[in-house]
Amino acid sequence: VNQMFAEFALVYHNQYQKAFADKEKLMYAKRLWLSHLASYSPEQILGAARRATHESEYLPTVRGVLKYLESSSGLPDAREAYREACLAPSPKVEQGWSHPAVYLAGLASDWFFLASQPEKTAFPVYEKHYRELCERVARGESLQIPAVPALPESLHRPMTAEERHAAMLELRKNAGL
């Protein structure tokens, strides 16, 4: 985080000086950034910071650096993932997901909830689950969509003559015939 801030100071000199005018503010900002970026490796953080300095003419926010971290891991941003999850037809598990985290966040959020609630209600719930999954991916965890067990070749076997006769007697008895 210190190295990232040093690079920001050089690249965004005036904006940096204005944002972090005194040492107390700078130390507080570094602690805040560290708390948000703690689940990422130093290499990932510096890579995202460098992408930010190459692509943005303004001093990035924590959220901006997090977006660069997510995009470097092959994950769509939260809004794109939410749209993908909401637009996927059923059965959800059989869709070609851009990343397993998109599916797993939808599963954790509850598919019916996502389909039945307005975006202003559903998106924050989905985003919370998605961010947690993104952090797990950043720590190196490999996410998998659960395998769907195949249906058996035959769901039932035909009844024998004795079983049919016993079932008919039971039906007559229950019907009072």
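Tutor: Happy to! Contact here means heavy atoms within 4.5 Å, and helices are DSSP runs of H or I with at least four residues, strands being E runs of at least two, numbered from the N terminus. This is a predicted model, so local features need pLDDT of at least 70 and side-chain atom pairs count only at pLDDT 80 or more, while totals for chains, interfaces and linings use all residues. Residues are numbered from 1 along each chain as its sequence is written, and side-chain values use heavy atoms, without hydrogens or water.

Let's look closely at helix H7, which runs over residues 100–109. Seven of the ten residues in H7 are buried, leaving the helix mostly covered; buried means under 20% relative accessible area, exposed over 50%, and partly exposed in between, with a 1.4 Å probe and protein chains only. Those buried residues are Ala101, Val102, Tyr103, Leu104, Ala105, Gly106 and Ser109. Their cover includes helix H6 (78–87), helix H8 (111–116) and helix H9 (119–138).

With a relative accessible area of 5%, Ser109 counts as buried. Its side chain reaches back to the backbone oxygen of Ala105 at 2.7 Å. That is a polar contact: a pair of N or O atoms within 3.5 Å, where within protein one must be able to donate a hydrogen and the other to accept it, and residues adjacent in sequence count only if both atoms are side-chain atoms. An α-helix has 3.6 residues a turn, so residues three or four places apart point the same way. Setting aside neighbours within four places in sequence, Ser109 is in contact with Leu114, Val125, Tyr126 and His129. Just after H7, Asp110 takes a positive phi of about 85°.

The chain has ten helices and zero strands. Its radius of gyration is 27 Å, well over the 16 Å that the globule rule gives for 177 residues, so the chain is more spread out than a compact globule; the radius is taken over C-alpha atoms, and the rule is 2.2 Å times the number of residues to the power 0.38. Along the principal axes, the C-alpha trace spans about 95 × 30 × 25 Å. Of the 177 residues, 33% count as buried. Among contacts between residues at least 6 apart in sequence, 64% join residues at least 24 apart.

A nonpolar core is a set of buried Ala, Val, Leu, Ile, Met, Phe, Trp, Tyr and Cys residues joined through side-chain atoms within 4.5 Å. The largest one has 24 residues, of which Met4, Phe5, Phe8, Trp33 and Leu37 touch the most other members. H1, H3, H4 and helix H5 (62–72) each supply at least two residues of this core. Apart from it lies another core, of 22 residues, among them Leu75, Ala122, Cys134 and Val137.

Not counting residues up to four places away in sequence, Phe5 touches Tyr16, Phe20, Leu26, Ala29, Lys30 and Trp33. Lys30 sits in helix H3 (residues 23–37) and is buried, at 17% relative accessible area. Lys30 and Phe5 are 25 residues apart in sequence, yet 7.9 Å apart in space, C-alpha to C-alpha. With neighbours within four places left out, Lys30 is in contact with Val1, Asn2 and Phe5.

Finally, the charge pairs. A salt bridge is a side-chain nitrogen of Lys or Arg within 4 Å of a carboxyl oxygen of Asp or Glu, and a search of the whole structure finds six. One of them joins the side chains of Arg50 and Glu7 at 2.7 Å, N to O. Arg50 lies in helix H4 (residues 42–55) and Glu7 in helix H1 (residues 2–11), so this pair ties together parts that are 43 residues apart in sequence. Arg50 is partly exposed at 36% relative accessibility, whereas Glu7 is buried at 18%. Another salt bridge pairs Arg51 with Glu55, the closest N and O atoms being 3.6 Å apart. These two are four residues apart in H4, about one helical turn. Arg51 is partly exposed at 30%, while Glu55 is exposed at 52%. A further pair is Glu141 with Arg136, at 2.5 Å, N to O.
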